[in-house]
Amino acid sequence: MTLHAPKLLTPEEFASLIEVAITAPAAEISPAHLAKLVTLGYVAESPKGPIVTGDGLIRITEGE
């Protein structure tokens with residue numbers, strides 16, 4: 001499980017995480033945001049597109 005550190009995401013990156021959660025797998029977020037969210041373990045790439053991981057859902061519940 002990923003160590004959760006709320007300050008690792010900018011408000012825009014956090015908004016991208018929420019967008020993936022709401023619209024997955026059809027989310028359209030910037031490649032830079034996607035790369036960071038995948039690196040942090042909050043989003044995984046599936047054959048259909050990005051999806052939020054369990055760690056990503058926890059991060060969303062922790063808030064911005």
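Ile29 touches Ser16, Glu19, Val20, Leu34 and Leu37, leaving aside residues up to four places away in sequence; a contact here means heavy atoms within 4.5 Å. The model is predicted, so local features need pLDDT of at least 70 and side-chain atom pairs count only at pLDDT 80 or more, whereas totals for chains, interfaces and linings use all residues. Residues are numbered from 1 along each chain as its sequence is written, and side-chain values use heavy atoms, without hydrogens and water.

Ile29 also belongs to the largest nonpolar core, which has 12 residues, among them Val20, Leu34, Leu37, Val43 and Val52. Helix H1 (11–23) and helix H2 (31–40) each supply at least two residues of this core. Such a core is a set of buried Ala, Val, Leu, Ile, Met, Phe, Trp, Tyr and Cys residues joined through side-chain atoms within 4.5 Å; buried means under 20% relative accessible area, with a 1.4 Å probe and protein chains only. In soluble globular proteins, nonpolar side chains tend to be buried together.

Two of the core members, Val43 and Val52, stand opposite each other, Val52 lying in E2. Strand E1 (residues 43–46) pairs with strand E2 (residues 49–52) in the antiparallel sense over 4 bridges, and 2 residues separate them in a hairpin. Pairing requires at least two DSSP bridges between the strands.

The protein chain as a whole contains 3 helices and 2 strands, in the order α-α-β-β-α along the sequence. Helices (H or I, at least four residues) and strands (E, at least two) are DSSP runs, numbered from the N terminus. Of its 64 residues, 31% count as buried.

Terms used
Buried means under 20% relative accessible area, exposed over 50%, partly exposed in between (1.4 Å probe, protein chains only).
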